[in-house]
Amino acid sequence: MPTALMLASEGGGITVNGPLVVVDNLFGIPGLKLTESIIVQWIVIAILLVVVLILTRNMKVVPETKRQVAAEWIVSFFVDTVDTTMGKKYHRYRCYIMALFCFIMIQNLMGLLGLRNPTADVSVTGTLAIITFCLVQFNRGKTGKFKGYMKSFVEPLPFMLPFNIIGEFANPLALALRLFGNMIAGTVINALIYFALGKLAILIPAIASLYFDIFSAVMQAYIFIMLSMSYISSADCEE
Amino acid sequence: MDEMKILAEGIVLGASALGAGTAMIAGLGPGIGEGFCGGKAVEAIGRQPEASGAITRTMIIGDALAETTGLYALVIALLLLYANPLLGKLGEYLAR
């Protein structure tokens, strides 16, 4: 099954490509591919690393530079968000949530540079959703131990067991498909607009791109972390 | 034989296009749901303007959840249009 789809208008027709496979059979292992998504993700990681290094250089107790004020604002925003959504008990998740948001947001914004959004690839969003799924299971096991973990599946009534198990797997699936669907929809609709307008593509694609590439990108990253946080904190056996 | 093959593929492609279009009728549900969500949020903010931050946050999550079914339909439509599994089935059938 192709992992993702992409439209590109080429001389009158629309062709459909998945993420470009740069190297096939990496290290001689059949099926192991180095795709465009991975390369773009490396670029994203490099951007994040450089930004973080610049923002955190020469920190003082009392902020002197605008750089440090900006860094403190960003950190306190995530501290507030995690505290109000998950509660103070989950302060350990602040770092993960902040990293997740920045990573997804920069990935979504990659479309502005003319690169392919890595999040328009279901493998990437699926991986991120699986991390959230693992954290949900971890949190449930940690708060309820073995007995509480098992008991949480037969609540409120024993015959709810199949529904609870399906629901457990439906959450990460919906999480992955939501991000993937939104990003691929933006990509496809933009390509369709360019194709339909042809040489007249002047103002309209810019407005569409403003919505799909900027508003939707930031919003979907925010929704992803909000839902991750509520899934993780609702898998608490103690409450 | 070749003409039969083209005809069979044409029927499968045409039916897939119809299926993709039909799948997107599912866009109705999320539209109604999100409209409800936004309307209720506006009402709530009108009643309690000081809680607008929390209401907006909850509304965004509600919107995102309401959107899910629409996105399932979108994924199915995209699969039918660009990564058609039925053509592969047809190929297997014709090869037999």
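**A tour of chains A and B**

Select residues 1-12 of chain A: here pLDDT (the predictor's confidence in each residue, from 0 to 100) stays under 50, and the model has 40 contacts beyond four places in sequence for this stretch. Two residues are in contact if their C-beta atoms, placed from the backbone, lie within 7 Å. Where pLDDT is low, the predicted coordinates should not be read in detail.

This is a predicted model, in which local features need pLDDT of at least 70 and side-chain atom pairs count only at pLDDT 80 or more, while totals for chains, interfaces and linings use all residues. Residues are numbered from 1 along each chain as its sequence is written, and chains are lettered from A and ligands numbered from 1 in the order in which they are written.

Next, colour chain A by confidence. Its mean pLDDT is 82, with 92% of its residues at 70 or more. Within chain A, strand 1 (residues 7-10) has the lowest confidence, a mean of 44, and helix 3 (residues 94-109) the highest, at 91. Helices (H or I, at least four residues) and strands (E, at least two) are DSSP runs, numbered from the N terminus.

Now display the largest nonpolar core, of 44 residues; those touching the most other members are A:Ile97, A:Phe101, A:Ala176, A:Phe180, A:Ala221, A:Phe224 and A:Ile225. Such a core is a set of buried Ala, Val, Leu, Ile, Met, Phe, Trp, Tyr and Cys residues joined through C-beta atoms within 7 Å. A residue is buried if 20 or more other C-beta atoms lie within 10 Å of its own, exposed if 12 or fewer, and partly exposed in between, with C-beta atoms placed from the backbone. Helix 5 of chain A gives the most to this core, with 9 residues. Centre on A:Phe101: beyond its neighbours within four places in sequence, A:Phe101 contacts A:Ala221 and A:Ile225.

Turn to chain B, which has 4 helices and 0 strands. Its C-alpha atoms fill a box of roughly 70 × 15 × 15 Å along the principal axes. Of its 96 residues, 12% count as buried.

Finally, show where the chains meet: 12 residues of chain B and 13 residues of chain A take part in the contact.
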